[in-house]
Amino acid sequence: MLRLGEESGREVLLAVQMISCPSCGERLPIDDDTPLGTVIRHDGAEFVLTREFGAFALEPA
Ligand SMILES: [Zn+2]
């Protein structure tokens, strides 16, 4: 999946993965190059980005 982003002031297409929130199931777009361990804030809670079976996953922080 791609989304429109900005890089150095220019519009670029970025690869994103849609990840299901482990608590409410909402699908969250995560940029493909987001480093593992990044804290994602959502629903007033914090989740840590991990990788499982080759795909991103979220774990409660
Ligand atoms: Zn949620």
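Trainee: How many bridges join strand β4 to strand β5?

Mentor: In this predicted model, β4 covers residues 39-42 and β5 covers residues 45-52.

Trainee: In the hairpin of β4 and β5, which residue takes a positive phi?

Mentor: The hairpin of β4 and β5 has two residues between its strands. A phi near 55° is found there, and the residue that takes this positive value is D43.

Trainee: Over how many bridges do β5 and strand β6 pair?

Mentor: Strand β6 comprises residues 55-60 and pairs with β5 in the antiparallel sense. Within this pairing, E52 stands opposite A55 in β6. The count of bridges between β5 and β6 is six.

Trainee: Which residue in the turn between β5 and β6 has a positive phi?

Mentor: β5 and β6 also form a hairpin, with two residues between them. The turn contains a residue whose phi is about 55°, and that residue is F53.

Trainee: What percentage of the residues of the chain count as buried?

Mentor: To count as buried, a residue needs 20 or more other C-beta atoms within 10 Å of its own. The chain has 61 residues, and its C-alpha trace spans about 35 × 25 × 20 Å along the principal axes. The share of residues that count as buried is 5%.

Terms used. Residues are numbered from 1 along each chain as its sequence is written. This is a predicted model: local features need pLDDT of at least 70, side-chain atom pairs count only at pLDDT 80 or more; totals for chains, interfaces and linings use all residues. A residue is buried if 20 or more other C-beta atoms lie within 10 Å of its own, exposed if 12 or fewer, and partly exposed in between; C-beta atoms are placed from the backbone. Two strands pair if DSSP finds at least two bridges between them. Helices (H or I, at least four residues) and strands (E, at least two) are DSSP runs, numbered from the N terminus.
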